[in-house]
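Here is a short note for a colleague who is opening this structure for the first time. Please read the points with the model in view.

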Amino acid sequence: MSGTSTLAAPRRRRARLGWNTLGLLVFVTAGFPLYWMLNTAFKPAKDAIDPDPSLLPTGLTLSNFRRALDIADFWGSAGRSLVVSLSVVAIGMVVGMLAALAISRFAFRGRKVVIVGILAVQMVPLVAMIIPVFLLLNDLKQYDKLTGLIITYLTFILPFTVWMLRGFIVNIPRELEEAAMVDGCSRTGAFVRVVFPLLAPGLVATSVYGFIQAWNEYLYALMLLSQERQTATVWLANFTTKHGTEYAPMMAGATMMAVPIVVLFLLVQRKMAAGLTAGAVKG
Amino acid sequence: MSAADTTTPAKVPPPRPAPPPAVPGRPRGQRTSGRAATPWLLLAPCLLVLTLVMAYPLARLVTLSFQKFGQSQLWGFQPAEWVGFANFAGVLGDGEFWAVVLRTIVFAVGCVAFTMVVGMAIALLLQRVSAWLKVLINIVLVASWGMPVIVATTVFKWLFDSDYGVFNALLSRLPGVEMVGHNWFASGPEGLAVIMLLVVWGAVPFVAITLGAGLTQVPKELEEAARLDGAGAWGVFRHVTLPVLKPIIVMLTTLSVIWDMGVFPQVFVMRGGHPEAEFQVLNTYSYDRAFVVNDYAQGSAIALVTVGLLLGVVAVYMRQMLKIGEVE
């Protein structure tokens, strides 16, 4: 037994070396777009328009960021994005949590229909809805209003929130609530004192994820707001001036958009990834 | 009777009189179901919002596709006129529409196939590399997964820029290759290949990480047994790993099909808001009909056809999700 393992060891080490080489290749390929965005954002603008660019950083400057902030109203756009995303998340969380409680803690006639319905509306492509939504907001005089955009964003934030929170709630044992109720808590009291604290991490993760989705939305923001009221994604996508596209400031803008979102995403990714396919192995 | 009732000890003390019961007149032993109205009250705000922002627009989408609805109807100069199936007939009878359908399907199938194969390969690779490298790859995967689509699209636009894009510069370093100045978006297939790369780059992390989580659940004993029975690496993968992962794979594939058939911003932003004819996929085509040609009715008809095309895939996804729901 020991003989085979000493013989196998160098072979295994060589195999490991091969896998690691392949792994490094994956690392470099997958990470390159990110690296190049940061590299371009911080390099002097004249080095960015080099037909044979140096792959290593050529110097560190913030002038691209200054230029990006100049090109159009970044802070206004970011502010509007923030208002819209936070409002959508706040409304979505309250409304969504009530609905999630209903379908995860109550047995009632029609429960299955509601669950199927909520799953189904998640599948309707947003792009298909843009025409009637545009006409609806036009009729309601909500075109080019942040409130109109907030209501519209609930189309994708709300079903997703309900579904995610449902997943978190069903993982909290009912027995805990029942014990609290046996000890004299009302149903609401049991929820507030027992379920809510346990649900808090799930609520935070779902809010952050919802915030990211709302922040990243592009099509509705483009269609339902005029240029003076554009949000951050539209700001970035329209990054062309009359002199053409200035790529270095555009990458600076991309960096400003991406870094906070990627950091938020890193914080909640683990919790959310499970939600989309929760228990698929069990199924 | 739900599972929770059976776990309550048989000798439950009689309900205490002191705290007023949350639900007055609650029937005995029904604490998990509550009064029939409570869940509906909790659901009411959600259903109300969804009716306003989903059900109404969806209904309007259907009615629109049977009407004549253009600029003058939008401004209210003319009432919308019912035209029966004329919009559908117009769309389905148009050769360009079928070209778009074919392009969309080829594009989506390519995206999904590459995403699944590369995702699976990376998931398997992650099991075999050293721990430090695994951490590094995971960070890059999660970071690129978290990149906003618009940001990723602008970055790829820059990578593939014809004059100063780093991709052309790198290719030109190969001996005998001169690619600087090559415009990747001059032809539809080449441009869509770049867009496919963008979509796959963004989609692989989710697939790889989810499959990686699934791989940890493959029983080691099963793999061991298969190996003892003489199965090679491929045999173990084919007959042990794949069957165990099948539910996850079905879920990921259906989700990817739904997402990749619905690609919009990648094409739209990559082409500067005006995709050329050879870049049109179903979603941009529907948008184009509605907001560029100002034929909202025909745009709606195209959107409906798109939803119809996806229904089969959605059904598979939903069945899988509901199967999980029943386990709880």
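**Notes on the two chains**

1. Start with a loop. K141(A) sits in the loop that links helix 6 (126–139) to helix 7 of chain A. Keep in mind that this is a predicted model. The backbone of K141(A) deserves a look: phi is positive, about 60°, although the residue is not a glycine. Is K141(A) buried or exposed? K141(A) has 9 other C-beta atoms within 10 Å, so it is exposed.

2. For N294(B), which is not a glycine, phi is near 65°. N294(B) is placed in the loop between helix 13 (282–292) and helix 14 (296–327) of chain B. N294(B) counts as partly exposed, because it has 15 C-beta neighbours inside 10 Å.

3. Now the make-up of chain A. Chain A holds twelve helices and zero strands. Read from the N terminus, its elements run α-α-α-α-α-α-α-α-α-α-α-α. Of its 283 residues, 44% count as buried. Contacts in chain A with a separation of 6 or more are 74% between residues 24 or more positions apart.

4. Next, the dimensions of chain A. What radius of gyration does chain A have? The value is 25 Å, whereas a compact globule of 283 residues would come near 19 Å. Along the principal axes, the C-alpha atoms of chain A fill a box of roughly 80 × 70 × 35 Å.

5. One helix pair in chain A is worth a close look. Helix 5 (residues 111–123) and helix 7 (residues 146–170) of chain A pack at about 135°. Their axes are 9 Å apart. An angle over 145 degrees would count as roughly antiparallel. Helix 5 and helix 7 of chain A are therefore oblique to each other. The crossing of helix 5 of chain A with helix 7 of chain A is left-handed.

6. Which residues make that contact in chain A? From helix 5 of chain A come I118(A), L119(A), V121(A) and Q122(A). They meet P159(A), F160(A), V162(A) and W163(A) of helix 7 of chain A. By class, this contact between helix 5 and helix 7 of chain A has seven nonpolar residues, one polar and no charged. An α-helix has 3.6 residues a turn, so residues three or four places apart point the same way.

7. Consider S207(A) next. S207(A) belongs to helix 9 (residues 187–216) of chain A. Why does S207(A) count as buried? S207(A) has 20 C-beta neighbours inside 10 Å, and 20 is enough because the cut-off for buried is 20 or more. Beyond neighbours within four places in sequence, S207(A) is in contact with V89(A) and M93(A). From S207(A) to G167(A) is 40 residues in sequence and 14 Å in space, C-alpha to C-alpha.

8. Turn to chain B. Chain B has 14 helices and two strands. Buried residues make up 40% of its 328 residues. Of the contacts in chain B between residues at least 6 apart in sequence, 62% join residues at least 24 apart.

9. How many residues of helix 7 of chain B are buried? Eleven of the eleven, residues 149–159, so helix 7 of chain B is largely enclosed by the rest of the structure. Among them are T153(B), T154(B), K157(B) and W158(B).

10. Chain B also has a helix pair to check. Helix 5 (residues 95–128) and helix 11 (residues 233–261) of chain B pack at about 140°, with axes 9 Å apart. Helix 5 and helix 11 of chain B are therefore oblique to each other. Helix 5 of chain B passes helix 11 of chain B in a right-handed crossing. On the helix 5 side of chain B, the contact includes T104(B), A108(B) and C111(B). On the helix 11 side of chain B, L252(B), S256(B) and D260(B) are among the partners. By class, the contact of helix 5 with helix 11 of chain B has seven nonpolar, four polar and one charged residues.

11. Last, the two chains together. In all, 89 residues of chain A are in contact with 93 residues of chain B. Helix 1 (residues 2–42) of chain A gives the most to the chain A side, with 15 residues. That side of chain A has 65 nonpolar, 16 polar and eight charged residues.

Key:
Residues numbered from 1 in each chain as written. Chains lettered and ligands numbered in written order. Predicted model: local features only at pLDDT ≥ 70, side-chain atom pairs only at ≥ 80, totals over all residues. Buried ≥ 20, exposed ≤ 12 C-beta atoms within 10 Å, placed from the backbone. Helix = DSSP H or I, 4+ residues; strand = E, 2+ residues; numbered from the N terminus. Contact = placed C-beta atoms within 7 Å. Nonpolar A, V, L, I, M, F, W, Y, C, P; charged D, E, K, R; others polar. Axes fitted to C-alpha atoms, helices over the stretch in contact; angles between N-to-C directions. Parallel < 35°, antiparallel > 145°, perpendicular 65-115°, else oblique. Left-handed = near helix turned anticlockwise from the far one by under 90°. Rg over C-alpha atoms; globule rule 2.2 N^0.38 Å.
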